[in-house]
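Please look over the sequence and the model, then read on.

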Amino acid sequence: MIISDHHLDIKVAKEKVYPNVPHGYCVFHMAQNIKKYYKRKDVSLLFKQAWKAYRKSEFKEAMLEMMKVNRVAFEELMNIGPERYTKKPLPNYCGDCYKTTSWVEAYAGTIFPVGHPSDWNISEDV
């Protein structure tokens, strides 16, 4: 996955060189640009609130508030596509050997619980 600021040249180069790689935008830079272009800190704060949302309802609530405050900023962000700047599961580029299911399968039957130390039979030689 490529994360960049919302610069057109980066988008064009990414599509030319890495057309199948997901591309997201850096929310820090987006918030800074929103504050700079719209001259309103509240719009930037609403953007951050929307970005931080874990539930669609929270995202929608922040974006509806932004629409009331600054419709142009709202429309621009919706045109960019929320999938480029909201929290979502990232593609999994991890090999199968690192997945929990592989570890569980690899160690099944090999690791046994040792119980409480008071239940251990320890030789006096030790």
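## Overall layout

Starting at the N terminus, the elements of the chain follow the order β-α-β-α-α-α-α-α. The radius of gyration is 24 Å, well over the 14 Å that the globule rule gives for 126 residues, so the chain is more spread out than a compact globule. Here the radius of gyration is taken over C-alpha atoms, and the globule rule is 2.2 Å times the number of residues to the power 0.38. Along its principal axes, the C-alpha trace spans about 80 × 35 × 25 Å.

In total the chain has six helices and two strands. These are DSSP runs numbered from the N terminus: helices are H or I with at least four residues, and strands are E with at least two. Buried residues make up 23% of the 126 residues in the chain. Buried means under 20% relative accessible area, exposed means over 50%, and partly exposed lies in between (1.4 Å probe, protein chains only).

## About the model

This is a predicted model, in which local features need pLDDT of at least 70 and side-chain atom pairs count only at pLDDT 80 or more, while totals for chains, interfaces and linings use all residues. Residues are numbered from 1 along each chain as its sequence is written, and side-chain values use heavy atoms, with hydrogens and water left out.

## Salt bridges

Side chains of opposite charge can pair when their charged atoms come close. A salt bridge here is a side-chain nitrogen of Lys or Arg within 4 Å of a carboxyl oxygen of Asp or Glu, and the count by this rule comes to four. One of them joins Asp42 to Arg40, with the closest N and O atoms 2.7 Å apart. Asp42 is partly exposed at 30% relative accessibility, and Arg40 is partly exposed at 33%.

Another salt bridge links Arg55 with Glu58, where the closest N and O atoms are 3.4 Å apart. Arg55 counts as exposed at 56% relative accessibility, whereas Glu58 is partly exposed at 32%. Lys68 also forms a salt bridge with Glu65, the closest N and O atoms being 4.0 Å apart. Both Lys68 and Glu65 sit in helix H4 (residues 56-69), three residues apart, about one turn of the helix. Lys68 is exposed at 66%, and Glu65 is partly exposed at 36%.

## Surface patches

Lys35, Lys41, Lys48 and Lys52 form a positive surface patch. Patches are made of residues with over 30% relative accessible area and no salt bridge, joining like charges within 9 Å and nonpolar side chains (Val, Leu, Ile, Met, Phe, Trp, Tyr) within 5 Å. Lys and Arg count as positive and Asp and Glu as negative, without His and the chain ends. Helix H3 (residues 41-52) gives the most to the positive patch, with three residues. Lys35 lies in helix H2 (residues 27-38) and is partly exposed at 34%.

A nonpolar surface patch of about 470 Å² is made by Val114, Trp120, Ile122 and Val126. Its area comes from the Shrake-Rupley method with a 1.4 Å probe. Ile122 is found in the segment after helix H6 (100-107) and is exposed, at 55% relative accessibility.

## A backbone detail

Which residue has a positive phi although it is not a glycine? Lys39 does, with a phi of about 55°. Lys39 lies in the loop between H2 and H3 and is exposed, with a relative accessible area of 69%.

Definitions and conventions. The place of a charge is taken as NZ of Lys, CZ of Arg, CG of Asp or CD of Glu.
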